[in-house]
Amino acid sequence: MEESEFVAAREREAASCSSWGAGRTNTNLPIMSTDSLEIDDALYSRQRYVLGDTAMQKMAQSHVFLSGMGGLGVEIAKNIVLAGIKALTIHDTEKCQPWDLGTNFFLCEDDVFNKRNRAEAVLHRIAELNPYVHVTSSSFPLNENTDLSFLDRYQCVVLTEIKLSLQKKIDDFCRSQCPPIKFISADVYGIWSRLFCDFGDEFEVVDTTGEEPKEIFISNITQANPGIITCLENRPHKLETGQFVTFREINGMTGLNGSTQQITVISPFAFHIGDTTKLEPYLHGGIAVQVKTPKIFYFESLERQLKHATCLIPDFSKPEAPLEIHTAMLALDQFQENYRRKPNIGCQQDSKELLNLSTYISGTLEEKPEVNADIVNWLSWTAQGFLPPLAAAVGGVASQEVLKAVTGKFSPLCQWLYIEASDIVETIGKPKPEEFLPRGDRYDALRACVGDSLCQKLQNLNVFLVGCGAIGCEMLKNFALLGVGTGKKKGLITITDPDLIEKSNLNRQFLFRPHHIQKPKSYTAAGATLKINPQLKIDAHLNKVCPATETIYNDEFYTKQDIIITALDNVEARRYIDSRCLANLRPLLDSGTMGTKGHTEVVVPHLTESYNSHRDPPEEEIPFCTLKSFPAAIEHTIQWARDKFESSFSHKPSLFNKFWQSYHSAEEVLQKIQTGHNLEGCFQVVKLLSKRPRNWSQCVELARLKFEKYFNHKALQLLHCFPLDTRLKDGSLFWQSPKRPPSPIKFELNEPLHFNFIQSAAKLYATIYCIQFTEKDFSADALLNILSEVKVEEFKPSSKVVQTDESARKPDHAPISSEDERNAIFQLEKAISANEATKRDLQMAVLSFEKDDDDNGHIDFITAASNLRAKMYNIEPANRFKTKRIAGKIIPAIATSTAAVSGLVALEMLKVAGGYPFEAYKNCFLNLAIPILVFTETCEVRKTEIRNGISFTIWDRWIIHGKEDFTLLDFINAVKEKYGIEPTMVVQGVKMLYVPVMPGHAKRLKLTMHKLVKPSTEKKYVDLTVSFAPDSDGDEDLPGPPVRYYFNNDTD
């Protein structure tokens, strides 16, 4: 984009290290008192959906000690401070050096110049991440002679960069306390990392997965030993053997209601429980609800686990790797103990010594693992280095373990995890030591891991980062530490995000501070990233990447990019960007998180399938009839309430305004109706005008009438259509699970739920009708005075047909009767004569649903409406917090999984930058709650055979150059001549250009391509789809690759 400025140039001066905390500090966030357990929902809302309030409150009372403020230590500190523990002590005895600038994103050149202690240097930068967390620093010596009693005030101790003998001593001390202090150690040595957890002999977890308890609708229960429970067709129970369920709403076998039973799974749709022979026969209905039970996890000491390691296996293609790395790393610990240093880069003697130590140590371990010489060699070669993306990945996992330690939420790591990046060096072949030696700059730690050639490639990269949210911020941090886009002649980071910063972002988008709220994410993130590494070149945009911005992000733009990285929160945008990468043969790195879950995916031209090559199953829609008349779960009532909000306060006002923009007066509309004109939307608009409230009292009256309609008359109408004893053709009851008969609700002002609905609905009606109101108007007395005068009509059954077909869609428009027309004329005449159709009356305010504004009443209305409907159908209600998540489609999020995922993406970026072969790339799925971390091979691109040895992949594109008078026949002949096969069908998007069997298409062969395609003036080419005649009659046509047709011969 020509007018966009380089943020790098604009921010260069501000990039000095002293400006990291420039501007106001965290004064916008109140300091949480020590005794307060109130949760700041505006800040923590997305994380609350991951951890829950109990865990959040436990966390807010926890004290953590963290030693080592290198790249890994600062990563862990960032994540747990963002999460909201009570207090953190950061400890380090080392001084800052140039090396640290490439590993620690909170250090700067001034810290190095002044040789500050690392903990003291990062203290205020960590502290300003979260005003609710008290952060202190310490630089006292921590060694074999240190009195460890100072640790007894902490619930969790985390060690990085501490020698193994001291780790063992501290672990023993932690285990000796009552209750035990939870112990975690983590280290990164070059391209290798390890993580160890010891939470004491026994550690109770209250919720192992964090998943919502499952609810299963029952279709049958046998009277047997054991009793077999079958769930409704097409609704698998998703339970596991050994889990517990409780029962409610069972008819017949009522003895099960309220009981808790352990289950054994028989099939996806059935499980059995205990003896049901002595219970009454089952009739119908019932729900089984999963019961979460605490689980005890058992740990061994570090001393014991060194000999008998229990490891998580992240890559099942290399199940032996964790123990092999374990052996090599223990040898490295011994090497450092013997020589007081790490092995020298490229030193064969040190490598040989480490191999000897590995062989000896392997013999002392219980499993006697094989010694992998390649692992030992590369550990020796790179141990002095530090790979920032690897630290981000293991730091994210380690941080989640800290949160588990202090909350008892989620399953802890038992007990070792090794994450490595050996794929990066395995393709190097025979390395040259000088490639890895230090040069005295901020990239020395990286250089020791990947070599100078790859460092140069990273610096010369052009990267397009789409999205500057949580993953986007973490990726920019990784770019800064890796030196991406810092080349003197080449290299640029382009970022774009149309959003502004909100308070809820501060909980995980760590580049933002309170004084950045309501500022653009992309500009702010760019400025903050430059403070990590002033050498970066960043071009920040505020655009959405979509078809509407293709003039900016055109083919020329994409072909200049080396890598495209998405940091998005929706599938539609990912699919679009993937299609642009496919069209322009660009690599794509995609990732995403949902709570503690995360994924990464690598798309490389000509090597892998694209993102669009696979599709998740579509999200299951709630049937229209379920929403309208037969809700069975709280999700149904919340969606119903959300739809009511959209219809009443957004769609109808929007329709109203659009109508009166077309017709300038009520008199004009009246004349047109009277003369038989059919005006689209007229009857709904006239109805809104005739019922328009004129003051606050009428808004309250309207809300009261809606209450009666939604929660009383609707139930009575349904029971009129389907009385409780209604039976289906097969003799079974109509009202049986999952259908629940409604009970009409009688309005009571002293019922808080009823009051909340009236209050919130009246407020929203007043807002769309631009009617003033005060706080006094909301009082119970004021509302009671108004409501006592409201006349509510008695229920009269109607002849409307109730839809019961689950496959039926919502009708677009209700048919207009002649009576409707007469009513509209009468109502409009009445409004005009009463002077209630003035220009002011012909306008309404349109509300856009906003879930994060607690003062606008949107979630209040949806919560009240949903819970009233739930009460009407005897469904368990949901609190405001849960309602907000479901109605707002909020994606739960936490900084730990975001950091881990972004680190894994950056590791794959190194491989793409280095042009690595297919075997090097890995996709990943993780769930830090369980925890699992699974690396898999990427999906190799499929080759489609046409015939006679002619084949193509999704990355192939045939190219034809045309000219002004080039006809469709010329195009077909050109394809045949160039590629050896004649197309029988030509399609442009959804437009059929040539299908021989279609009438008139034979004549098109003589038409020019310009006339058929009708290109816009700036378009140089068009992408067409061709297919070929099948090998035998009756078969489908054979597909072909995209054919890019250039309109002129001179186009490249």
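## Stop one: a lysine on the inside

Select Lys477 to begin: at 1% relative accessibility, Lys477 counts as buried (buried is under 20% relative accessible area, exposed is over 50%, and partly exposed is in between, with a 1.4 Å probe and protein chains only). Lys477 sits in helix 17, residues 470-482; helices here are DSSP runs of H or I with at least four residues, strands are runs of E with at least two, and both are numbered from the N terminus.

Some housekeeping before moving on: this is a predicted model, where local features need pLDDT of at least 70 and side-chain atom pairs count only at pLDDT 80 or more, while totals for chains, interfaces and linings use all residues. Residues are numbered from 1 along each chain as its sequence is written, and side-chain values use heavy atoms, with hydrogens and water left out.

Now show what surrounds Lys477. Leaving aside neighbours within four places in sequence, Lys477 is in contact with Glu75, Lys78, Phe105, Ala392, Phe510 and Ile532, where contact means heavy atoms within 4.5 Å.

## Zoom out

Switch to a cartoon of the whole protein chain. You'll be looking at 33 helices and 32 strands. The C-alpha trace spans about 100 × 85 × 65 Å along its principal axes. How does the radius of gyration compare with that of a compact globule? The chain has 33 Å, in agreement with the value near 31 Å that a compact globule of 1052 residues would have; the radius is taken over C-alpha atoms, and the globule rule is 2.2 Å times the number of residues to the power 0.38.

Colour by burial next, and 53% of the 1052 residues come up as buried.

The accessible area is about 47200 Å², and carbon and sulfur atoms own 50% of it (Shrake-Rupley method, 1.4 Å probe; for residues, only the protein chains shown count as cover).

## Into the cores

Select Leu88, Ile126, Leu151, Ile170, Leu387, Phe479 and Ile565. These are the residues with the most contacts inside the largest nonpolar core, which has 174 residues. A nonpolar core here is a set of buried Ala, Val, Leu, Ile, Met, Phe, Trp, Tyr and Cys residues joined through side-chain atoms within 4.5 Å. Highlight helix 31, residues 895-913, as well: it supplies the largest share of this core, 11 residues.

For another core, apart from that one, select Trp660, Leu718, Ile862 and Ala870; they are among its 77 residues.

Back to Leu88 for a close-up. Not counting residues up to four places away in sequence, Leu88 touches Val64, Leu66, Ala77, Ile80, Val81, Ile126, Val133, His134, Val135 and Thr136.

## Loops to visit

Go to Leu500, in the loop between strand 19 (492-496) and helix 18 (521-532). Leu500 is partly exposed, with a relative accessible area of 39%. Beyond residues up to four places away, Leu500 touches Asn505, Gln518, Lys519, Pro520 and Lys521.

Next, two cis peptide bonds. The Asn225 to Pro226 bond is cis, with omega near 0°, and Pro226 lies in the loop between strand 8 (215-221) and strand 9 (228-231). The other joins Ser737 and Pro738, with omega about 10°; Pro738 is in the loop between helix 25 (696-721) and helix 26 (752-768).

Lys238 is in the loop between strand 9 and strand 10 (244-248), and is exposed at 60% relative accessibility. Then try Asn874, also not a glycine, with a positive phi of about 55°. Asn874 lies between helix 29 (858-872) and helix 30 (880-887), exposed at 56%.

Last stop: Val997, in the loop between strand 30 (991-994) and helix 33 (1009-1013). Is Val997 buried or exposed? At 76% relative accessibility, Val997 counts as exposed.
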